[in-house]
Amino acid sequence: MTRVFTTVLFALSATASFAQFPDRAINYIIPFVPGGESDIAARLQGKVAAKITGKDFVVQNKAGAGGALAWSQLNSLVGDGYTVVGSNLPHIILQPLEGQVQYKTEDITNVFFFHYTPDALVVAVDSPFKTFADLVAAAKANPEKITIAGSGTNSANHMAFQRMEVQGKLKMTYVPFKGTGDLSTAVLGKHVAAAMTYPTFAIANKERVRMLAVATANRLPQFPNTPTFKELGYDWVDGAYRGVAVPRSTPEAVRKQISDLFLKINTEPEHRKQMLDGGYEQVDITYEQMADFMKKRTADTMPLAKQMGLIK
């Protein structure tokens, strides 16, 4: 009887604490350097969180190994709901396939995905490549001489680079950087020929870069003169998904609360408009939808993973 009473008391206490969530700031670990899309999104989300709950997000950048440093440490963190880690696709699918990281895809407990940024090929505004066709012609004339910057290895940018090579029958050289912030100098200084990045980067540097192509179904209103990869004959509508994950020890009820909080943030009208205007395509993948979503994203990623040599 005592054990039953104690169990019930603990359950009631836990329920009461869940109802107050969050009652203090949430530590939000971003696996990349400051200035990239994940970092920018987290800081904007923190402002909305403060408005909705009165509690802020404390954004902490823990860069390393293209995000793998933070993801390999995820399950060593306290699973109380007050520490979350940014989660990125296809990174957490591709990296474990290579076998050089200390985590597996199934080790990452994703609770919400809030947006994706479409793949986009960008050059400096004074680049000699005025169109996508110009760059393709140079790549075919000089195999492996054209350098394309991207954020991370076995990342969304790396996978997009591989897709462009395979579908275009091209041979170029991929140059990985720690994050979008770091590759900016290389692109703007023309240390690389181009960057495989996102419309967010092109919007933030609109006067200094030119976007040659974007992997959306339709042309973006911010760039009406930029063709989609589909228009250019590529079977390509994709990008990088971003969300949040929690330690495996986090109780189911708390996982749901975090998912609900991020859904509230993501659907706040002013925030949603700000993100869309900035080039982020908003999605609302909740914890309840996560299993099916991850299954589909994994299946869609595997063919390119094979072409990248990550699957024998």
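Reader: Which residues of α11 are buried?

Author: This is a predicted model. In α11, the buried residues are Met 290, Phe 293, Met 294, Arg 297, Thr 301, Leu 304 and Ala 305.

Reader: And what covers the buried residues of α11?

Author: The cover includes the strands β3 (83-89), β4 (109-118), β10 (239-246) and β11 (281-285), together with the helices α4 (91-98) and α6 (156-168).

Reader: How many residues does α11 have, and what length does it reach?

Author: Helix α11 spans residues 290-307, which makes 18 residues. From its first C-alpha to its last it reaches 26 Å, close to the 26 Å expected at 1.5 Å a residue.

Reader: Where in α11 does the kink lie?

Author: The kink is at Thr 301, shortly before the proline Pro 303, and amounts to about 35°. Thr 301 is also one of the buried residues of this helix.

Reader: What is found just after α11?

Author: Gly 309 is located there, with a positive phi of about 85°.

Reader: Let us change topic to the open sheet. In what order do its strands come?

Author: The 5 strands follow the order β7-β6-β8-β5-β9, with mixed pairing. At the edges are β7 (173-177) and β9 (209-214); each has a single partner strand, so one side of each lacks a neighbour in the sheet. On average, neighbouring strands are turned by 30° against each other, direction ignored.

Reader: How many bridges join β6 to β7?

Author: There are 5 bridges between β6 (residues 147-151) and β7, and the two strands run parallel. As one example, Ile 148 has Tyr 174 in β7 as its bridge partner.

Reader: Which strands of the sheet does α6 touch?

Author: Helix α6 packs on the sheet and touches β5 (120-124), β6, β7 and β8 (194-197). The direction of α6 makes about 115° with that of β8. The helix α6 also belongs to the cover over the buried residues of α11.

Reader: Turning to the whole protein, how many helices and strands are there?

Author: The secondary structure comes to 11 helices and 11 strands. The radius of gyration is 21 Å, close to the 20 Å that the globule rule gives for 312 residues, so the protein is as compact as a globular protein of that length.

Reader: What percentage of the residues count as buried?

Author: Of the 312 residues, 54% count as buried. As for contacts with a separation of 6 or more, 75% involve residues 24 or more positions apart.

How values were computed: Residues numbered from 1 in each chain as written. Predicted model: local features only at pLDDT ≥ 70, side-chain atom pairs only at ≥ 80, totals over all residues. Heavy atoms only, no water. Helix = DSSP H or I, 4+ residues; strand = E, 2+ residues; numbered from the N terminus. Expected span 1.5 Å × (residues − 1). Bend = angle between axes of the 7 residues up to and from the residue. Buried < 20%, exposed > 50% of the residue type's maximum accessible area, 1.4 Å probe, protein only. Contact = heavy atoms within 4.5 Å. Pairing = 2+ DSSP bridges. Axes fitted to C-alpha atoms, helices over the stretch in contact; angles between N-to-C directions. Rg over C-alpha atoms; globule rule 2.2 N^0.38 Å.
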